[in-house]
Amino acid sequence: MKKLPGASVLLVALAPLHAQWLNYPTKGAPRTKDGKPDMSAPTPRTKDGKPDITGIWLANGLKYLINIAADLKPDEVPFQPWAAALYKERRENLGRDDPNNLCLPSGTPEKDAVTSPFKILQFPGEMLILYESRTIYRQVFTDGRTMPKDFQPSWQGFSTGHWDGDDFVVETAGLNGKIWMDTNGHPLSEAARVTERYRRRDFGHMDIQITIDDPKAYTKPWTITENPHLLADTELMEYVCEENNKDALHIVGK
Amino acid sequence: MRFSTTVILALSLAPVVALAQVRKPDLSGVWEPDGLQSMHTAASALLLHPEAAKGPDPDANCTLSGVPRLDLGPQPFKILQSPDEVVILYQAFTTFRQVFTDGRPLPEDPQPSWLGYSVGKWDGDTLVVDTVGFNDTTWLDNAGTPHSESLHVTERFHRRDKEHLDIQITIDDPKTFKHPFTVTQQASLAPSLELTEFICLENKK
């Protein structure tokens with residue numbers, strides 16, 4: 001029996017490599033007896049004792065991509081009147097004007113809920129998020145810098161991160177006001193500040209608590225929690241929306 | 001007995017490994033290409049089918065450009081480096097490449113892609129990046145130099161000094177060129193620069 005772990009490692013190492021390294025074993029992943037990643041193993045930590053949030057993560061289904069407020073009652077989203085009217089219009093016309101229809105990026109925080117994986121990497125001075133969807137990246141600076149005065153508003157905004165206990169807290173501003181937070185069309189104005197608290201509960205599970213503070217579109221800050229899971233033994237693939245966008249011409253809405 | 005041999009072996013190798021890791025050059029930083037580089041001069045005489053018609057520029061469709069076209073400028077790129085992978089962030093298209101330096105081999109039958117599949121290894125002070133698995137749609141440069149799916153790109157990243165990075169780029173594509181050829185792109189450290197979001201579709205004319 002003592003030889004089993006060694007044999008398992010050998011088997012994993014010899015497993016055939018397919019295209020895109022889709023079954024490439026994740027280095028250092030804790031394993032169950034059958035060799036599968038142990039999703040409920042304790043949260044790994046970096047040398048400085050902080051949780052190690054690196055890895056490839058994927059939203060659990062479509063729920064929050066369709067409706068970021070899925071866990072709230074409809075009257076719990078504190079819309080400003082114009083934002084409520086816009087949301088109603090978008091629902092009624094079946095999301096005709098969703099920027100994603102045209103292959104424009106999904107912005108912060110919709111990216112957390114997209115049903116393609118994202119990969120978190122940690123470097124000195126920044127946490128980097130690579131998104132399979134659209135093959136784009138987002139830098140979260142941890143070197144103490146602040147948003148430049150001349151920052152051009154963007155889909156992903158300007159993000160800084162810091163640790164609060166075991167939570168990695170990402171604060172984002174500088175968003176461009178064009179973002180739909182979900183396919184239902186919850187709007188986000190250029191005044192928005194988005195706070196994401198990443199908490200790796202165990203080896204295989206992350207909570208991302210997202211607070212929307214956007215006084216232009218909502219009367220008060222509101223918070224939801226998403227729960228992506230780890231994808232071990234795989235890699236991101238390339239995803240090029242513009243390569244095969246057959247939808248744009250056919251999305252007529254109502 | 002086997003256990004203790006392994007431990008002894010591990011202990012004896014440990015200082016070498018640590019030293020090797022410490023001594024790798026740090027390529028990280030924001031780099032700005034020294035102008036727009038073309039492959040035309042080196043490539044045109046080597047084309048096996050010079051008569052082949054050049055289609056429209058694939059970048060006009062806001063796909064992901066290609067390799068080594070993204071190295072050739074003019075937009076800046078940023079290198080981030082960890083022991084297991086080097087990431088290159090390109091301002092152009094806000095896209096990225098992962099270069100795995102954890103010893104994994106190149107995939108044997110890769111799905112053709114825009115940016116390919118990259119692994120890297122150190123040759124002295126030079127990071128040697130091998131990339132395969134391209135589609136045949138991308139251009140090698142802005143001049144429209146073509147290639148096939150057999151393309152194998154080797155980029156040798158060498159930080160000449162603190163402020164200068166040389167990228168020696170070798171194109172090996174026996175279905176397109178008579179023999180491999182090499183061009184060198186140079187880039188300068190841009191410490192006061194940070195990449196900005198570039199969404200091709202928003203600028204599509």
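## An enclosed strand in chain A

Because 5 of the 6 residues of β3(A) are buried, this strand is largely enclosed by the rest of the structure; a residue is called buried if 20 or more other C-beta atoms, placed from the backbone, lie within 10 Å of its own. Strands here are DSSP runs of E with at least two residues, and helices are runs of H or I with at least four, both numbered from the N terminus.

This is a predicted model, in which local features need pLDDT of at least 70 and side-chain atom pairs count only at pLDDT 80 or more, while totals for chains, interfaces and linings use all residues. Residues are numbered from 1 along each chain as its sequence is written, and chains are lettered from A and ligands numbered from 1 in the order in which they are written.

## The neighbours of β3(A)

Strands are taken to pair if DSSP finds at least two bridges between them. On one side, β2(A) pairs with β3(A) in the antiparallel sense over 6 bridges, with K119(A) standing opposite L130(A). The hairpin of these two strands has 2 residues between them, and G125(A) takes a positive phi near 90° there.

The pairing of β3(A) with β4(A) is also antiparallel and runs over 6 bridges, and in it I129(A) stands opposite R138(A) of β4(A). Here 4 residues lie between the strands of the hairpin, and R134(A) in the turn has a positive phi of about 70°.

## Contact between the chains

Contact, defined as C-beta atoms placed from the backbone lying within 7 Å, involves 25 residues of chain A and 28 residues of chain B. On the chain A side, the elements giving two or more residues are β2 (118-123), β3 (126-131) and β4 (136-141). The residues of that side divide into 16 nonpolar, 5 polar and 4 charged, where Ala, Val, Leu, Ile, Met, Phe, Trp, Tyr, Cys and Pro count as nonpolar, Asp, Glu, Lys and Arg as charged, and the others, Gly among them, as polar.

## The barrel of chain B

In chain B, 9 strands close into a barrel in the order β1-β2-β3-β4-β5-β6-β7-β8-β9, with mixed pairing. Within chain B, β5 (residues 117-123) and β6 (residues 126-132) run antiparallel and are joined by 7 bridges, and S118(B) stands opposite T131(B) in β6(B).

Chain A has 3 helices and 10 strands, and buried residues make up 31% of its 254 residues. Chain B has 2 helices and 9 strands, and 38% of its 205 residues are buried.

How values were computed
Two residues are in contact if their C-beta atoms, placed from the backbone, lie within 7 Å. A residue is buried if 20 or more other C-beta atoms lie within 10 Å of its own, exposed if 12 or fewer, and partly exposed in between; C-beta atoms are placed from the backbone.
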